[in-house]
Amino acid sequence: MSETGVAPTNFNDLGLPDALLTALAAMSYETPTPIQAQTIPALMQGRDLLGHAPTGTGKTAAFALPLLSRLNNQKSVQVMVLTPTRELAIQVAEAFQRYAAELTGFHVLPVYGGQEYSSQIRALRRGVQVVVGTPGRVMDHMRKGTLSLDRLQSLILDEADEMLSFGFKNQILNILKETMEHKQICLFSATTVSYTHLRAHET
Ligand code: AMP
C-alpha cells in the first residue's frame, strides 16, 4: 500500500528506476501483482519484510525489482537469495537477469550443489552483485572464503518453509549469524511458522 492507502496500479507509481521499467515493458508486465504493490516500496526503503507468497504470485519480481534498484556499481555481492532447490536457484537467477536486462555491468550467479566448484569460483572472482544459491553450497563457499559477504545489503530467504522442511535449518542459521548484522532481511514463505523460528536465535 502507498502512504495514501491505495495500492499502486502500475509500475511507474512504485518509484522504480527507468532501466527496470524499460525491462518490464519489454516483458509486457503492465500491472503489479498485489504482493508486488505491497512489497516493492517497503524493500526499496531498506525495510525487513515477511511475505506470505506461494509460487505464481509474482514474488520473484516483488523482491528482485526493489533490490536491483538499490544496487551500487561495485562488483561485490550486495544481494543474496537462498532457495531450497537448484531448480529454483536457476529460475530466480534467470529472473534477475531478465529484470536487469537494461543495467550495464550487472552479473548474477546461481550457486548450488552438484555443480563443480571451479566454474562457480571463477565467476565469483570476476565479480557478481547477486548470488542465488542453495544453503549448503552457499555455506561451503563461505567456509572456503570464496564467497565474500562483507558488502552484502540484503538477504532473501525464498520458500523459507521449504528450506526448513528440507533440513537446511542449521545452514540457514549459520548464514544468518554471519550476515544479518545491519542487513535487510526478507523472508518469503507459504506458511507462518518459520519466521519466529529463524529470528529466535537473535536473542
Ligand atoms: P513467480 O510467482 O515469481 O514465480 O511469478 C510467476 C509468473 O508470473 C512468472 O512467469 C512471472 O514472469 C510472471 N509475472 C510476475 N509478475 C508479473 C506481472 N506484474 N505481470 C505479468 N506477469 C508477471
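I call a crossing left-handed if the near helix is turned anticlockwise from the far one by less than a right angle, and right-handed if clockwise. Helices are DSSP runs (H or I, at least four residues), numbered from the N terminus. This is a predicted model, in which local features need pLDDT of at least 70, side-chain atom pairs count only at pLDDT 80 or more, and totals for chains, interfaces and linings use all residues. Residues are numbered from 1 along each chain as its sequence is written, and side-chain values use heavy atoms, without hydrogens and water.

Entry 1, α3 and α4. I looked up the crossing and found that α3 passes α4 in a right-handed one. The contact (heavy atoms within 4.5 Å) involves Thr60, Ala61, Phe63, Ala64, Leu65 and Leu68 on α3, and Val92, Ala95, Phe96 and Tyr99 on α4.

I located Thr60 in helix α3 (residues 59-69). Leaving aside neighbours within four places in sequence, Thr60 contacts Val92 and Ala95.

Entry 3, α5 and α6. I found that α5 passes α6 in a right-handed crossing. Tyr117, Gln120, Ile121 and Leu124 of α5 make the contact with Arg137, Asp140, His141 and Lys144 of α6. I recorded 3 nonpolar, 2 polar and 3 charged residues there.

Note on methods:
Helix = DSSP H or I, 4+ residues; strand = E, 2+ residues; numbered from the N terminus. Nonpolar A, V, L, I, M, F, W, Y, C, P; charged D, E, K, R; others polar.
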